[in-house]
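Subject: Structure handover

Hello,

Please find the structure below. My notes on it follow.

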Amino acid sequence: MTDLINRILPRVQKPARYTGGEYNEIIKDKASTEVRIAFCFPDTYEIGMSNIGMRILYGILNEMDGVWCERMFAPWGDMEEEMRRHDLPLWALESHDPMEDFDLIAFSIGYEMAYSNVLNMLELGHIPLKSCDRGDDLKHIVFAGGTSVYNAEPMADFLDFCAVGEGEDLDVEIVECYRSAKRRGLSRREFLREVSKIPGVYVPSFYRHTYHEDGTIREIIPLDGAPETVTKRIVQDMDGAYYPTKTIVPSTQIVHDRTVLELFRGCIRGCRFCQAGFCYRPVRPKSPDRLYELAVASLENSGYDEMTLSSLSTSDYKKLGEFADRMLDYCIPRGINLSLPSLRADNFSVELMEKVQKVRKSGLTFAPEAGTQRLRDAINKNVTEEDILRSCSVAFAGGWNKVKLYFMLGLPTETDEDVIGIAELTYKVLKAWKEHSPNKSRGCTITVSTAFFVPKNGTPFQWEAQITPEEYLRRCALLKSKMPSKSIRYAYHPSDLSMLEAVLCRGDRKLCDVLLRAHELGCKMDGWTDYFQMDKWMQAFSDCGVDPAWYAQRERGRDEVFPWETVSIGISKKFFWREREAAYRSEITPDCRRQCTGCGADRLYQGGPCDE
Amino acid sequence: MNRLLFEKTGKAIYISHLDTMAMFPRIFLRAGLHVKFTRGMSPHAYVSIALPLSVGTSSCCELLDFTLEEDNVPLETLPARLNPYFPAGIRVLSAYDSDRKIKELRYLRCTVTLEYDQGISDDGCRDIEALFRQDQILVEKKTKKGLAETDIRPMIESVHVSRISSGELALESLICAQNPSLNPQLLVGAIERYLPELAPDFAKAHRTEVFDESFQVFR
Ligand code: SF4
Ligand code: SF4
């Protein structure tokens, strides 16, 4: 007789995402496995399998003898319904075993909107949601890594510990620590004590947070000798670091269904709104030789006919020209597409564009982020109008006729003049098309999109208030009224999600109850418009007596203790404050390649100096 | 034209027809071989699978047409060269040259397994067999215009019912493969309609062979 999973699968959408069995999936012998890890990605298969971090760690952990790391993803609604109706617990794709069979349950949390999925997956896996309810046995240890753990406080009740920073070395140390604890028969609490000694491991329950009457933090007290600060870990030797070339090739289409090559980690720029830019400091490149070797091996192993170069600001790779030439010599005769995303306006070179064009004409995107030079200087986005117009002109002359421009609304110091500046810049781009296009009959489409600025922890804007959703929508309407052209399409992000993001990313432990309540009310898949329910979230806030505006729309005082201060990304608060002041003076800070401005991240990098 | 005979079973039965087609050129590349490209605006490696298989149905008689770029590769070496590179459940059984057109393919033999969690009696088994001997079997079929009634009887050559276990029956069926084609799940639809008390708790189909119009195996 057919088992339950196989009876359900024919009824759900895209069943191949629940089966495993893909090429290069890793199957091990359970009998000789000492540590079983469920690597959980709190989003769909299609998103999770497109994440390089997950692929790297899956590879590394499975290289360990006696360790088997399997994958779990959040089921889509139709599947979840079937699972709940038939009481079928969440399973790992490789063995089809339920979450309960695993020692370590590791979540990779890239952004706050995945929190509700973490709770939902634990529940579907029949694991108690709160760490304090998981007993004292050494099993079902739930931990998390990823950008969100730079402020894990809203998740503090649910995570046994956090792995802070890059996981290549850290995760191996954690698993070894667990293996040794298991051999010695330690309890959960004893294990947590041991694992907390590994640099980069943060155990929230080892810290007590006390509050002032106004709700801000009075003090964070480390208990029983827990370290005062937990500093993120980074990979010291990028060329020597593991990078998977034999990776799982999904049997169903995913978001990034191609080979992805990471050129370097970190970003030299320091745009003041950008959390990734600061969290991944310092910049550490791979050598062109190593990259070529990885690229060819990955392409040949997977059989993909497309490769993306992926890094925070790919065009800042010092030897990009040299490397792209070599790569194109390999790709062109084989009919392999090489796409270069996230090109910046300020070094978008003509030759590079022509080379890309040889293989395929991809769309043009620029992210000036703000409409006026004054505001671009304030946010340290070192792109000038001239740069953008020059790059666009070249592209238009070369036959491109579609441009996407990305901006943010609600940036600190923004006025209506800056909002209108977006429209003015857009019209200048349109004018450039009229002047340079060789074939005007095809028309031109400029897509302008605005996101609602979210002040993030780990950036110079961590003290800022977010503007209210009403004010954001007013600015959107103002901008729309200034761009009536048929050639311009304007799309703005909805305000609710960004407001919730602003609450969670700088939230404290009082939000744990809100998360739990939101989960009970059915919140999940918040990153998907099909599922996101702001009214449920608002109910959760009110049920818990928490005012979301206090988190999103409150400017913090200079000396306020932040809830996330135990965890350090290696950049000093002093530096961030200096950057914030520079923003208010609309003063730019040179990038790391031009001049080190002493953020502190170099102290993490024994292999330093940064960018070498 | 080069042709492959392959099977799709186990976890692979959930891979859609389009995803299966997209997969093959990659498998060839992994093995260091190349499938010829189409011409035109957006050239791509061209492969074509006869009789799209619905998600959830297994098969050991799938046919894939392609043209190999390399002309010095003996086709009989392909199964061994390609098989290490598939996802679980897909395996090439043979590779050969064929000039027979897919449109000559006429009949399909498949086994539909009916599962009854509470068991199934011999009487039930007989009733199902009798159903498929009726002169007319009307089932509801989804069309572009909504649900429509169709008589599937003309598309059925034969259906034999046999017992696999106390709770499982097998419908050994020989049905039309194309123009018009009969989805074997509609055999289950017929049971649900005419013999609702004998509707199975679960049913799955497995293709076993394809034939031409004179009932000779089609390759
Ligand atoms: S260029 Fe700016 S926005 Fe882009 S990753 Fe670097 S710091 Fe962030
Ligand atoms: S230490 Fe200096 S060079 Fe290194 S990341 Fe910080 S500012 Fe940039």
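Chain A exposes about 23,400 Å², and carbon and sulfur atoms supply 49% of that area. Accessible areas come from the Shrake-Rupley method with a 1.4 Å probe, and for residues only the protein chains shown count as cover. Before the rest, some conventions: this is a predicted model, in which local features need pLDDT of at least 70 and side-chain atom pairs count only at pLDDT 80 or more, while totals for chains, interfaces and linings use all residues. Residues are numbered from 1 along each chain as its sequence is written, chains are lettered from A and ligands numbered from 1 in the order in which they are written, and side-chain values use heavy atoms, with hydrogens and water left out.

Chain A overall

The secondary structure of chain A comes to 20 helices and 19 strands; these are DSSP runs numbered from the N terminus, helices being H or I with at least four residues and strands E with at least two. The radius of gyration of chain A is 24 Å, close to the 25 Å that the globule rule gives for 612 residues, so chain A is as compact as a globular protein of that length. That radius is taken over C-alpha atoms, and the rule is 2.2 Å times the number of residues to the power 0.38. Along its principal axes, the C-alpha trace of chain A spans about 75 × 65 × 50 Å.

Of the 612 residues of chain A, 62% count as buried. Buried means under 20% relative accessible area, exposed over 50%, and partly exposed in between (1.4 Å probe, protein chains only). Among contacts (heavy atoms within 4.5 Å) in chain A between residues at least 6 apart in sequence, 76% join residues at least 24 apart.

The interface

In chain A, 28 residues are in contact with 22 residues of chain B. The two chains bury about 2,000 Å² between them, 53% of it on carbon and sulfur atoms. Buried area here is the accessible area (1.4 Å probe) that two parts lose on being put together, summed over both. Met1(A), Arg7(A) and Tyr23(A) supply 31% of the area that chain A buries against chain B, more than any other three residues.

Backbone details

A cis peptide bond joins Arg281(A) and Pro282(A), with omega about -5°. Pro282(A) sits in the loop between α8 (275-279) and β12 (284-285) of chain A. In chain B, another cis peptide bond joins Asn179(B) and Pro180(B), with omega about -10°; Pro180(B) is in the loop between β9 (168-176) and α4 (185-194).

Two residues other than glycine have positive phi values: His140(A), near 55°, and Asp611(A), near 75°. Asp611(A) lies in the segment after α20 (573-584) of chain A and counts as buried at 7% relative accessibility.

The loop between α5 and β4 of chain A

His140(A) is found in this loop and, at 14% relative accessibility, is buried. Ser131(A) lies in the loop between α5 (115-124) and β4 (141-145) too, and it is buried at 16%. Leaving out residues up to four places away in sequence, Ser131(A) touches Ala156(A), Asp157(A), Phe158(A), Leu159(A) and Asp160(A).

Lys482(A)

Lys482(A) lies in the loop between α15 (469-481) and β18 (488-492) of chain A and is partly exposed, with a relative accessible area of 37%. Leaving out residues up to four places away in sequence, Lys482(A) touches Ile420(A), Ala423(A) and Tyr427(A). Lys482(A) and Cys177(A) are 305 residues apart in sequence and 60 Å apart in space, C-alpha to C-alpha.

Regards
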